[in-house]
Each structure stands twice: as structure tokens, then as C-alpha cells.
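Please open the structure in the viewer and keep the selection panel at hand.

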Amino acid sequence: MSVKVVGAAAGLLLTTPAFAGWEPAKPVEIVVAAGAGGGASDQMARMMQAAIQKNNLMKQPMVVSLKGGASGAEALMYMKSSEGDPNKVLIAYSLIYMLPLSAKIPFNWRELTPVSVVALDQFVLWDNSAGPKTLKEFVAAAKAASSPFKMGGTGSKREDHVLTVFLEQKTGAKFSYLPYKSGGEAATQLVGNHTEANVNNPSENLEVWRAGQVRPLCVFDKERISYSTKVTETQSWADIPTCKEEGVDVQYLMLRAMFLPGKVTPEQQAFYIDLFHKVTQTTEYKEYMEKQALKPIFLTGKDMVQFLEEDDALNKSLMTEAGFVAK
């Protein structure tokens, strides 16, 4: 089965409406569904905070609020309970689809106010640099192993786990999925040979790749990562083949989007659409996108809602097929 991402093309830039005079009168909370050191989500929130402050994009300061309790459910329920409050904005991930399915929490992203999709995450299959050199060799070694290969990840019944299940289904190899507290911990476990592989997104394995301790085998997308600047002495992100090129057609992209609570006004929504459009034009954002090897995209309004509906349906299909939906 081919795991596809549906929705608008990456890189689409829409005209953002001018906001009608409203602006925050007190500090704005950017809510992160992760704890301290929560990897990509925490880092992206702090990049936005810095870009907004440095470029004077908003009169009020933006404060990062970490709410990683109950695997991120704390952040979702906090936003749900903040109806009408325009001083809270959630930086959302595919968690918004997956967690309500796996944990049966009473949350639906449609209860919030969509602002903008600001990036998409590509995932990479990594092994230890002392391990197999290609995806074909890796699959053969996994099949020949006397016990399932250990696959490190960052959350049970989340993106990494789903990818592991579909890798099993596409290759016939068996994996034992081990969830860790962060992508950094998953990377450390791989370097120490405590696991055979992980499916970390690019930024989480960047430093250990640069140090020659891990090897990228393939990217879970229909196209390669676009950045061509050398990361190691010999390779750029763009040099990593897609998994499909290597004979395993598994594709998945993770959402990164901004939401306000429900029942805010159109003027308040428009202010934040304009704000985050400005953020995507800053040097801080562009440098962060390349450093983290993220896929650029900017969607708002009907295009964003259509993307979310299709992405939600895809994630529900994957979660159901993987057996991760709570009964």
C-alpha cells in the first residue's frame, strides 16, 4: 500500500488579508504540546517568539507555554477550554488527529479556529553508521535477524510508530518499536547501538549525522528534501533518496500549523494570519526551515481547512489500519 499525503502543494503562498485594527492588549501565549526540551515543537515556538520580537511584528511579547502533560492532551484541552480568548495560539502537529483517536480524549481540531499551516515535516529512516549502507541491505538484515530489529521513536501510537508499522507491512521485516521521551534520546540510543534504527525527522538526528555516527537511508516522501547545502563533508539533505526510489513506497508528512481557540472574532483571526505570514518572511524562519530541513508551505482560510480535512482522513485511515484507534 502506498501511504500518500494529500492536500495542497508545498510552497503555495496565499495573499493574507489585512487585519481590521484589532491587536493583542496583553502578552500572547504560544502553547506547545510538549514538555521542556520537547525537541522540534519547543524549538519552533522559540524561533517564532524570537522572530516576532526581533522584527517588531507585534507590540505585545509572545510567551512560550509548555503543556506536554498526558502526551500532549493537556495542551489540546487547554486550548479547547479557552474559547473566545485571542491571547492563546497553539502550535499544532499531527497529534491533533492522532491523540483523540488513540487516547479517546474529547477533542476535535474543528473546535478551534484555524490560522495557518506554516511547515511540513519529512521523516527519514536512519541506521547506525556501522550498520547496513542502503535500504535494501537494511531490510535484508532485518528479515534475517533472529529477533525483531529495535526501532526507536518519540511516542507510542504516534507518527514514528505508524511509520514503523507501515515499514513492516511494505517490507515483511519485523520491528520492535521503543518509544523514548524525545528525538534526541532516540538518536542517542541509535548511536549507542541500543536500537538498530529510528525514523526521526531530520533535525533530531542532524548533529549525530554530521558527526558520522548515523546514516540516512531514505526519506518518507514522494520527493527528496530540497536543501542542497552540504551538511556532512559529502552529503546534503537533497542527496538522501526517497524510500520510493529505494523500492519501498511509504510516504508521510507531519503537520505544523497554528490555531486559536474557538469563538474568536474574524478580526482576531486575521491579525494572526497576517502575523504568521510575516513570520514566514523573516530571516529567522528561513534559516530555521533549512537548518531543520522542513518543507515550506503557507496555507490559510478554505485552503487550510481543506488540507486539514484531507490530512485528518489520511491519519485516521493509517491509525485504523495500524490498529491504534482506541475501542
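Predicted model: local features only at pLDDT ≥ 70, side-chain atom pairs only at ≥ 80, totals over all residues.

**Stop 1: the core.** Select Met 48, Leu 125, Trp 237, Phe 259 and Phe 276, the residues with the most contacts inside the largest nonpolar core, which has 109 residues. Next, centre the view on Trp 237. Leaving aside residues up to four places away in sequence, Trp 237 touches, among others, Trp 126, Trp 209 and Tyr 227, as well as Glu 290 and Lys 291.

**Stop 2: helix α6.** Select residues 183-191. Buried here are Gly 183, Ala 186, Ala 187, Gln 189 and Leu 190. These residues lie on the same side of α6 because they cover an arc of only 160° around the axis. To see what covers them, display β5 (124-128), β6 (149-153), β8 (197-198), α7 (206-210) and β9 (214-219), which are included in that cover. Then move just past the helix to Asn 193, where phi is positive, about 65°.

**Stop 3: helix α9.** Select residues 283-292. Which residues of this helix are buried? They are Glu 284, Tyr 285, Tyr 288, Met 289 and Gln 292. Their arc around the axis spans only 130°, so they sit on the same side of α9. Returning to the buried residues, the elements covering them include α1 (40-54), β4 (113-122), β10 (253-260), α8 (266-280) and β11 (295-299).

Notes. Residues numbered from 1 in each chain as written. Heavy atoms only, no water. Core = buried A, V, L, I, M, F, W, Y, C linked by side-chain atoms within 4.5 Å. Buried < 20%, exposed > 50% of the residue type's maximum accessible area, 1.4 Å probe, protein only. Contact = heavy atoms within 4.5 Å. Helix = DSSP H or I, 4+ residues; strand = E, 2+ residues; numbered from the N terminus. Arc of directions from axis to C-beta.
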